[in-house]
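Thanks for coming, everyone. Have a look at the next slide, and then I'll walk you through the ligand site.

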Amino acid sequence: MKIYDRPGFPNPARIRIVLAEKQLESRVEFIPIDLIGAEHKSPAFLQKNPSGVLPVLELDDGTLISESTAITEYLDALDGAPTLTGRTPREKGMIHMMSKRAELELLDAVSVYFHHATPGLGPDVEIYQNAEWGFRQRDKALKGMHYFDGILRTRPFVAGEVFSMADITVIGGLIFAGIVKLPLPAECDALQAWYARMQERPSVRNRVTMSEPAAASA
Ligand SMILES: N[C@@H](CCC(=O)N[C@@H](CS)C(=O)NCC(=O)O)C(=O)O
């Protein structure tokens, strides 16, 4: 299988973490896409993912799967351990809910801030910007950090007792927050402690220090 991505960017990082957790990296051919040069908005790439974003998984039979949660679900279903999307119906429901919440309240909010209130990916990509909307989303992301801080005061991982896709989504959000220099609020000490713990995982360690600063211009 192939994965179209760009090392150093937050959503591709989510899938790299999944692959490392599940030790599937050797089964994947990575195809780098030039986000600054707007390759992801080219007609050829839009045929692969009409949303024009990374990552995209292409199976050997040509099937294309985008959206990091969908790619994670596919990869997770390939083999048994560790399970990232839940073993029981309850775990599956909780993980899906918390991962979606992490996208809505944190990762995607940081992304909108990046694209609207900073130079983002540069003039070839950011053809419409609305700074006020961007700053509102920055505030939403900060609220999201407080929400997850509250969650992590009550349990060791975002969706419960085990590391899961929901943790990976929050990690993606915090990677993005680091790129746009949005610090974790000092009072979010449970979130900070959890993030420090996450960075000890071999799958995560190298993603947090970006190999390529995605938003050097941000
Ligand atoms: N909902 C998508 C979001 C993907 C996404 O926004 N990817 C970023 C890279 S971190 C991207 O390709 N951005 C390019 C752009 O917005 O122009 C997912 O879960 O995979």
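Start at L54. One of its polar backbone atoms is 2.7 Å from a nitrogen atom of the ligand. I call that a polar contact: a pair of N or O atoms within 3.5 Å; within protein, one must be able to donate a hydrogen and the other to accept it, and residues adjacent in sequence count only if both atoms are side-chain atoms. How much of the ligand's accessible area does the protein cover? On its own the ligand has 520 Å², and the protein covers 88% of that. Those areas come from the Shrake-Rupley method with a 1.4 Å probe; for residues, only the protein chains shown count as cover.

A word on the model. It is predicted, so local features need pLDDT of at least 70 and side-chain atom pairs count only at pLDDT 80 or more, while totals for chains, interfaces and linings use all residues. Residues are numbered from 1 along each chain as its sequence is written, and side-chain values use heavy atoms, with hydrogens and water left out.

Two side chains come next. H40 has a polar side-chain atom 2.8 Å from an oxygen atom of the ligand. For K41, a polar side-chain atom lies 3.4 Å from a ligand oxygen atom.

Now the whole shell. There are 17 residues around the ligand, and the closest are N11, H40, L54, E67 and S68. To be near, a residue needs a heavy atom within 4 Å. By class, the shell has 9 nonpolar, 4 polar and 4 charged residues. Nonpolar means Ala, Val, Leu, Ile, Met, Phe, Trp, Tyr, Cys and Pro; charged means Asp, Glu, Lys and Arg; the others, Gly among them, are polar. Which helix gives the most to this shell? That is α1, with 4 residues. Helices here are DSSP runs of H or I, at least four residues; strands are runs of E, at least two; both are numbered from the N terminus.

On to the pockets. The ligand takes up the space of the largest pocket. About 640 Å³ of space lies in there. Its lining has 25 residues, with N11, V53, L54, S111 and H115 nearest the centre. Here α4 has the largest share, 7 residues. The lining divides into 12 nonpolar, 6 polar and 7 charged residues.

The second largest pocket has a volume of about 150 Å³. Among its lining residues are R87, R90, E91 and R155. Its classes are 4 nonpolar, 2 polar and 5 charged.

Last, the backbone. L54 returns here: a cis peptide bond joins L54 and P55, with omega about 0°. P55 sits in the loop between α2 (43-48) and β3 (56-58). Q23 is not a glycine, yet its phi is positive, about 55°. You will find Q23 in the loop between α1 and β2 (29-32).

Terms used:
1 Å grid on protein atoms, 1.4 Å probe; cavity = no way out; pocket = protein on both sides within 12 Å on 5 of 7 lines; lining within 4 Å. Sits in = over half its atoms within 2 Å of the grid points. Points joined across faces, edges and corners; volume = space filled by probe spheres on them.
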